[in-house]
Amino acid sequence: MTSSSPTPDAPDAAVAARPPRSGPVVAVLAFGGIVVSLMQTLVVPLVPDLPALLHTSASDASWAITATLLAGAVATPVLGRLGDMYGKRRTLLLSLAMLVVGSVVCALSDALAPMIVGRALQGFSAGVIPLGISIMRDELPAERLGSAMALMSSSLGVGGALGLPGAAALAEHADWHVLFWVSAGLGAVVIALVLALVPESSVRGGGRFDLVGAVGLSIGLLCLLLAISKGADWGWADGVTLGLFGAAVVVLLLWGRWELRVSGPLVDLRTTARRQVLLTNLASIVIGFAMFGMSLVLPQLLQMPEATGYGLGRSMMTAGLCLGPSGLVMMAISPLSARITGTWGPKVSLMLGAGVIAVGYGMGVFLMDAVWQIVIISCVIGAGIGLAYSAMPALIMSAVPVSETGAANGLNTLMRSIGTSTASAVVGVVLAHMTTAFGPYQVPSLNGFRTAFVIGGGAALVALAVAALLPGRGPARLTAAPQRPGTPRAVARG
């Protein structure tokens, strides 16, 4: 097939031929991101009751949360690479199908084993957000790309914040299995919308899938995250915990050597080692830590009995409603973040977001006497998270080839997951060891909560320092995605 020379009328004709699909594509992908991120908080209202519901111990019941975390960590880089090779929309649909299947398995479960299987399948849907961002790069016109990516990236926090009150309401007023039937229904709706409105990208990376790299990365991540997430239960000096940390180091070093030698690696470490990509991923770990720290500290403070002198004595549902506005703030802030990124560059957005998060945590040290204060704190931190999360895709994708956007975004999402896992471990240890007597029980002390706020603020300041080391300010430039007839594409920005 030969191509004709461009004529003055060709651009206008191409524009006229393009269907007005940008709006629906953005809406569907963002909705999918929110649905997937709901899985983070779906079982939070059930945590106190899971041992009785599943006829198991409290320690074993925690695997219903850990399984989702581990599966999501493995899925994001692997599915991102599969999307680059075989089609992002196709891989996106596979991820959503696993969410639906996992939700149905959980909805039919009354024992621990099937619940763990179902929650692991739900965790594999974590690849939806990085895949969605990559589809946007391939399909959207340049003028829509910045705000669309910002909205998609912030959906990770939006779904988590909005899901808590919804899950709490369902758990309080309906059988707990309904939570999973609802998540299955939402997943099915997203699948239908993707099939109807989201086109398959013609951008392919090609090559052979790096199975050895996928297995090596999976084993290394499982050892690392399992040690982080279960270390507090097993003991940080326990042989199993230390063995897992040691195995993670050895396996990941061997994996890195393999990735540097093989052609068509799962993760191109040479690209990942670029200053902009490396520093953005490091900042993502710390921002993920700061985001999850809020969701661990504030609900406990809200639900702590008033008789302690500092608790606010609210129910789980009320606590969820108090944190819900932070999700709306994240969504509302994404267009502002896109505007800042387009004018001054994503580095400025990331630095500003980290600074706002630090301010929010700083407020928390002093303002914890009333519900309205907690709402304000969560909204300020949410605004910072929205700014920071929205900047990360632009930083990543302006530094990697178009054919690697899925894998690069998947790795960036993985970095956030490592941050949230670390936050769970660190904040959990702080609140478990800084306690005060309340009747026959030990509960987190006021100084424990303040220490957790200081740690979260410190993490945000570390992210600010890392972001300051990124390459100079200015709008990011995105390499143009190959255009197929009648489909808008992302072109260079700046």
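Which residue takes a positive phi in the hairpin of β1 and β2? The close-ups below come from a predicted model, and the first one holds the answer.

**View 1. The hairpin of β1 and β2.** Here G439 is the residue to look for, with a positive phi near 65 degrees. Two residues lie between the strands of this hairpin. On either side, β1 (residues 435-438) and β2 (residues 441-444) run antiparallel and pair over four bridges.

**View 2. W176 and F180, an aromatic pair.** The structure has three aromatic pairs. W176 has a relative accessible area of 9%, so it is buried. F180 is buried too, at 0% relative accessibility.

**View 3. Y310 and F449, an edge-to-face pair.** These ring centres are 6.2 Å apart, and because the planes sit at 65 degrees, the pair is edge-to-face. The two partners come from distant parts of the chain, 139 residues apart. Y310 belongs to the loop between α14 (275-303) and α15 (316-344), while F449 is in helix α19 (residues 446-468). With a relative accessibility of 11%, Y310 counts as buried, and F449 does as well, at 0%.

**View 4. R416 over the ring of Y389.** This time a charge meets a ring: the charged end of R416 sits over Y389, 4.2 Å from the ring's centre.

Key. Residues numbered from 1 in each chain as written. Predicted model: local features only at pLDDT ≥ 70, side-chain atom pairs only at ≥ 80, totals over all residues. Heavy atoms only, no water. Phe/Tyr/Trp six-rings, centres within 6.5 Å; stacked < 30°, edge-to-face > 60°. Buried < 20%, exposed > 50% of the residue type's maximum accessible area, 1.4 Å probe, protein only. Lys NZ or Arg CZ within 6 Å of the ring centre and 35° of its normal. Pairing = 2+ DSSP bridges.
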